[in-house]
Amino acid sequence: MPLPSCLSPRCWISGLLFIGGLEGATVVQAAPEPLAALGADKRAVSVVGISSGGYMATQLAVAFPERFSAVGVLAAGPWGCAEGSLSRALNTCMTTSGGEPSLDRLENRRRRYEAAGQVGPRETLSQLRVFLWHGEDDDVVDPDLGDLLAAQWERWLSGADQLRVVRREDTGHGWPVRLDDELPPPRALGDCQQGGGSYLLACDDDVAGAMMRFLYPERGRNDEGQGHLSAFDQSDFAVAGLADSGFVFIPEVCEQVGCQVTVALHGCQMNEDAIGDAFVRHSGLNDWAALHQQVVLYPQAESSMMNPQGCWDWWGYAERSSQLAPMHDTREGVQVQALVAMLERLQATPGQD
């Protein structure tokens with residue numbers, strides 16, 4: 001049976017039934033080693049994500065816009081939407097049963113953070129390139145929330161040519177993939193209306209390629225591109241909600257020269273605990289990265305009693321319970337800091353990590 005369609009703790013109880021993983025998913029077996037210092041290029045770094053990973057992608061960009069040049073978000077709503085409240089996350093940021101979030105209110109929140117030095121400056125944020133995608137039949141994150149995210153970025157960006165918004169008809173919640181012989185077993189895929197066992201949607205649509213071509217419009221390609229996907233030990237970056245290991249895809253040439261990096265963030269129920277390496281192997285990002293000399297970092301959130309869906313922290317669950325106002329969507333957010341530390345490790349000079 002397919003996994004329940006959940007972005008958040010709404011399905012905590014049912015989610016516990018699926019933590020054991022998806023039958024037929026392939027898991028990388030090699031013992032994970034520390035994340036390597038590659039001397040990766042600090043320019044033109046992108047962060048992309050789906051669902052909870054989409055919320056986190058925007059959080060990272062707003063918190064540290066100086067570290068990124070591009071953002072890609074699938075099936076998520078506006079930055080800061082939950083405001084540290086689980087109730088708002090469920091009723092305003094997945095559905096709009098509690099009313100739509102106010103962009104003016106969220107902008108005031110961002111301005112307060114900026115004045116306190118807790119997010120990056122608006123001027124730097126305005127220079128990013130942004131790709132947004134949402135399925136018109138998404139019943140997990142209301143497509144109207146995707147429209148609000150687009151309107152939010154329109155406020156921030158300097159020019160209209162920096163933003164591309166895609167709405168795919170007859171498509172539900174998930175990440176569309178191109179159909180080929182390398183895909184996981186059919187039961188690991190959903191059709192374009194259903195999330196299926198992995199939220200990889202068998203729409204024969206290369207959303208990863210379309211997104212990366214927009215985010216890197218002048219990037220050349222290497223027709224002989226090859227690379228390898230491996231697990232890495234996340235213990236050096238351990239914070240609440242992070243799994244023991246993550247994944248990284250490294251084209252062969254990037255072991256010798258400093259390539260640029262894409263940070264790719266899975267959605268709820270798309271981590272290794274739930275679906276093995278189905279997302280990190282079959283999203284289409286690795287195919288593009290191999291041909292265009294791009295390292296892809298796939299951090300992994302943990303499935304646990306606190307967070308059985310394996311979501312990234314977009315409402316404050318990983319912050320100290322004593323905090324009246326969780327700082328998850330600022331530079332002080334523990335998961336934000338851990339993800340930036342992983343990026344810094346890749347960008348460190350080999351032998352000096």
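Two strands pair if DSSP finds at least two bridges between them. Strands (E, at least two residues) and helices (H or I, at least four) are DSSP runs, numbered from the N terminus. This is a predicted model, where local features need pLDDT of at least 70, side-chain atom pairs count only at pLDDT 80 or more, and totals for chains, interfaces and linings use all residues. Residues are numbered from 1 along each chain as its sequence is written, and side-chain values use heavy atoms, with hydrogens and water left out.

**Strands around β4**

Strand β4 spans residues 129-135. The table lists its pairings.

| Pair | Direction | Bridges | One bridge |
|---|---|---|---|
| β3 (residues 70-74) with β4 | parallel | five bridges | V73 with L132 |
| β4 with β5 (residues 163-168) | parallel | six bridges | G135 with R168 |

**Helices α2 and α6**

Helix α2 covers residues 52-63, and helix α6 covers residues 143-156. They pack at an angle of about 15°, with their axes 13 Å apart. Axes are lines fitted to C-alpha atoms over the stretch in contact, and angles run from 0 to 180 degrees between N-to-C directions. α2 and α6 are therefore roughly parallel to each other (angles under 35 degrees).

Which residues meet? T58, A61 and V62 in α2 contact L149, W153 and W156 in α6 (heavy atoms within 4.5 Å). By class, this contact has five nonpolar residues, one polar and no charged. Here Ala, Val, Leu and Trp are among the residues that count as nonpolar.

Technical notes: Parallel < 35°, antiparallel > 145°, perpendicular 65-115°, else oblique. Buried < 20%, exposed > 50% of the residue type's maximum accessible area, 1.4 Å probe, protein only.
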